[in-house]
Amino acid sequence: NEPKDTPSNDKGEMFAGWRNVPGEILQIRSQGYNASKLKVSSPGELYECVAADVFESPSRYPDMAPRVQLPKTKFIDDDEGIVKTWRSPDIFIISIALPTDPPKIGRTSSDGGGYTVTMYFKMKDDTREILRRVTADGYDPSSEVIDDPQKSKVNAVRLLEEWVRRAPVDDKFQSRFKVVPNAHNLREIGLPGWISKYNGKPFLIKRPGVTGFLCSHPELSCVEYDITLHPFPYLAKQGICYMKDSYFKRVLVTFGFVIEGRADDELPECLIGLMQLCYPDPQYAIQAS
């Protein structure tokens with residue numbers, strides 16, 4: 001429950017610590033962002049992180065869904081015999097591959113040794129309820145009664161559904177997937193300025209098939225988006241390698257994920273989901289071998 005709680009499971013086995021945190025701790029684009037450029041606290045999150053793996057491997061492991069036993073899902077409307085009219089998945093898996101092999105000047109790499117953080121997100125019941133409404137025959141967006149537009153998830157749910165439908169065949173739309181990182185204690189641990197200046201800056205995964213890989217498993221009601229930093233520029237990879245031995249186990253960092261909203265009918269944004277790594281000690285990372 002607290003960042004410094006001992007990260008161990010029911011068997012007493014240690015793991016790289018993580019926990020759930022509320023979406024409100026991260027800033028996203030507001031309703032009216034195009035004019036105001038203002039950001040606001042996310043109105044919650046669309047999915048909840050229910051499991052996570054942190055593992056080390058000599059090469060990247062994409063598409064984790066078929067390799068693991070997925071978390072079971074249960075929703076409050078399961079007994080109502082609902083026929084789905086939406087494509088958004090019950091389980092959304094997001095992986096981030098962090099390279100730790102030292103980079104070489106003038107050479108790029110799409111693979112190599114490193115850590116992978118895999119997060120398993122389950123759809124929240126209120127997200128499911130909104131999906132039922134906005135994908136129903138005859139839905140009229142003007143019929144929505146919204147007290148505070150900045151706290152509404154409706155536009156973000158509609159955008160998520162559009163992304164799930166279009167991203168597999170539209171690279172430009174897939175490239176609206178955005179990572180929102182925020183390390184909370186960089187000054188405390190004394191991280192150099194050339195690394196910490198990038199903290200808190202959202203970034204788009206702009207190169208489908210290079211830095212982002214989308215895998216759909218409709219039979220599992222699962223979508224997976226794998227992000228790899230292996231092809232990232234030299235300085236970014238050098239920063240990760242620099243942090244590996246001295247800083248990983250001392251950092252408290254939150255990763256949030258969102259589909260970038262641009263038009264007003266896509267705003268405010270709302271996080272797909274988020275998860276906080278709590279002083280993740282590399283010695284407790286699962287060894288993929």
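This is a predicted model: local features need pLDDT of at least 70, side-chain atom pairs count only at pLDDT 80 or more; totals for chains, interfaces and linings use all residues.

Colleague: Why is F177 called buried?

Modeller: Its relative accessible area is 0%, and the cut-off is under 20%, so F177 counts as buried.

Colleague: How do you know that strand 7 and strand 11 pair?

Modeller: Pairing takes at least two bridges. Strand 7 and strand 11 have 7 bridges, in the antiparallel sense, so they qualify. One of the contacts to look up is A183, whose bridge partner in strand 11 is V253.

Colleague: And what makes strand 8 a partner of strand 7?

Modeller: There are 2 bridges there, again antiparallel. The rule asks for at least two, so that counts as pairing. Look at V179, which stands opposite F203 of strand 8.

Colleague: Let's turn to the rings. Why is the pair of F177 and Y225 not called stacked or edge-to-face, and what is it called?

Modeller: First, how many pairs are there? By this rule the count is 9 aromatic pairs. Take F92 and W163 to begin with: their centres are 6.2 Å apart and their planes 25° apart. Centres within 6.5 Å make a pair and planes under 30 degrees apart make it stacked, so this one is a stacked pair. F92 belongs to strand 5 and W163 to helix 3 (residues 154–166), 71 residues apart, so the pair links distant parts of the chain. Both F92 and W163 are buried.

Modeller: Now yours. F177 and Y225 are 4.5 Å centre to centre with 35° between the planes. Stacked needs under 30 degrees and edge-to-face over 60, so the label is tilted. This pair, too, links distant parts of the chain, with F177 in strand 7 and Y225 in strand 10 (residues 222–228), 48 residues apart.

Colleague: How do you know whether Y225 is buried or exposed?

Modeller: Y225 has 0% relative accessibility, so it counts as buried.

Colleague: Which residues do ring pairs link into a cluster?

Modeller: Y47, F92, F121, W163, F177, Y225 and F257.

Colleague: What makes you say that the charged end of R166 sits over the ring of F173?

Modeller: The charged end of R166 is 4.0 Å from the ring centre of F173. The distance limit is within 6 Å, and there is an angle condition as well. R128 is another case, with its charged end over the ring of F75, 4.3 Å from the centre.

Colleague: What about the largest pocket: how much space lies in it?

Modeller: About 1100 Å³. Of the 43 residues that line the largest pocket, the closest to its centre are L98, P181, F203, L229 and I240. Helix 7 gives the most to that lining, with 5 residues. Strand 7 is among the elements that supply at least two.

Colleague: What kinds of residue make up the lining of the largest pocket, by class?

Modeller: 34 nonpolar, 5 polar and 4 charged.

Colleague: And what volume has the second largest pocket?

Modeller: About 420 Å³. Its lining has 17 residues, and W18, A51, A52, D53 and I286 lie nearest its centre. Strand 4 (residues 47–57) contributes the largest share, 4 residues. By class there are 13 nonpolar, 2 polar and 2 charged residues.

Methods: Residues are numbered from 1 along each chain as its sequence is written. Side-chain values use heavy atoms; hydrogens and water are left out. On a 1 Å grid over the protein atoms alone, a cavity is a set of points where a 1.4 Å probe fits but cannot get out, and a pocket is an open set with protein on both sides within 12 Å along at least five of seven lines; lining residues have an atom within 4 Å of a point. Grid points are joined across faces, edges and corners, and a volume is the space filled by probe spheres set on the points. Ala, Val, Leu, Ile, Met, Phe, Trp, Tyr, Cys and Pro count as nonpolar, Asp, Glu, Lys and Arg as charged, and the others, Gly among them, as polar. Rings of Phe, Tyr and Trp (its six-membered ring) pair if their centres lie within 6.5 Å; planes under 30 degrees apart count as stacked, over 60 as edge-to-face and the rest as tilted. Buried means under 20% relative accessible area, exposed over 50%, partly exposed in between (1.4 Å probe, protein chains only). A charge sits over a ring if NZ of Lys or CZ of Arg is within 6 Å of the ring centre and within 35 degrees of the ring normal.
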